[in-house]
Amino acid sequence: MMFSRRRPAPDSSIAEFWQWWQGARGRVEAAIKSGDWDALTDEIKARVDAIHPDLQWEFSNGSHAQHALVVSPAGEASLRAVAARWAASAPPPDETWEYHASRQPDPAVFDARMGIAGAEIVLADLRYEFAVTPGRQLIDVTVHHPAFPSLPDEVRAQIAFLSLDWLLGEEGVERWVGVVEFGGAPPPDARSREQLRAAVERQAIEYKEPTWAVLSAQDRKGWPLLATAQLPLLPVRFPRFDTHVAVTLPFREANEGGLPLDGSLQALRAFEDELTAAVGADGDLLAHETTRRVRTLHFYVDGTTAAAATIEERLPGWREGRSSLRTGYDPGLEEVGHLRGA
């Protein structure tokens, strides 16, 4: 196997964090109550930095518990798996603490005012223009506030993205929001934050199950290319799966365009099912491409598990040609980026 790109440090630092937390939890609760944070902030930062220096952390109100501890990748795909493994190793939530690998919705913030760039922003005055396109999972959003015409673009952007995080949570924004605009003029169809949240909740219900799409094209020599892919191909949907495993399977029975027929088609489907079942919860088949009597399966797996080795062990079971396997560290799903428009 060959791994490319840089991997995060081993997860021993995650285990050390939770060992530290067992003894520090009471001091943290006392600091929250007293507001005396100075020494403890440095201590927590050092523990999170030991996992990865680019992770961000914060305390917030819990959804079900009194407090929440959040360690977030802050939108950085290469850190999403690290944050997910940190959360998976957390102790069970209780009445006092819950733990999250991304910032959670905090709608109470909209009752406050925000001072920024010399302006006072009444957050309740934020409005959103959006439209839900049938068959499209992502919602494009235009954010507006009466103060926007007098603010520079970078400040509008900061307010817009913060407001979406507060409304939908960090993962909700990455999963369901497409293009975000923040022009100065009021949008003609501005709606409330509650309406936007309701639209996102409807999308989450409609697209709860994986959706597969088919993409067809031709290569430079006129050979047909056929691909299927789970939509949308967003890293946030697969937080633990940071390693790409490409399995190449030549096949025998094909039409004039090199696409599979009859027995080969059945064999390919059966082998895909076998490999998918073998990796179980540690990976998933996100796409496959077929051309010139060869099918490439694009698996993504948790690189800290034996999932890639499990796939490799089963390749001799393919009987229609010489199979091969290539792996690489790819938390951003770059190897299937060309299929995102499927």
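A network of salt bridges links Arg85, Arg240, Asp242, Asp282 and Asp302, a salt bridge being a side-chain nitrogen of Lys or Arg within 4 Å of a carboxyl oxygen of Asp or Glu. The model is predicted, so local features need pLDDT of at least 70 and side-chain atom pairs count only at pLDDT 80 or more, while totals for chains, interfaces and linings use all residues. Residues are numbered from 1 along each chain as its sequence is written, and side-chain values use heavy atoms, with hydrogens and water left out.

The structure holds 20 salt bridges. One of them joins the side chains of Arg85 and Asp302 (3.1 Å, N to O). Arg85 lies in helix α3 (residues 77–88) and Asp302 in the loop between β13 (294–301) and α8 (307–314), so the pair ties together parts that are 217 residues apart in sequence; helices (H or I, at least four residues) and strands (E, at least two) are DSSP runs, numbered from the N terminus. Both Arg85 and Asp302 are buried, where buried means under 20% relative accessible area, exposed over 50% and partly exposed in between (1.4 Å probe, protein chains only).

A further salt bridge is formed by Asp189 and Arg191 (3.8 Å, N to O). Asp189 is partly exposed, at 38% relative accessible area, and Arg191 is also partly exposed, at 25%. The charged end of Arg191 sits over the ring of Phe130, 4.0 Å from its centre. For such a contact, NZ of Lys or CZ of Arg must be within 6 Å of the ring centre and within 35 degrees of the ring normal. The charged end of Arg175 likewise sits over the ring of Trp176, at 3.8 Å from the ring centre.
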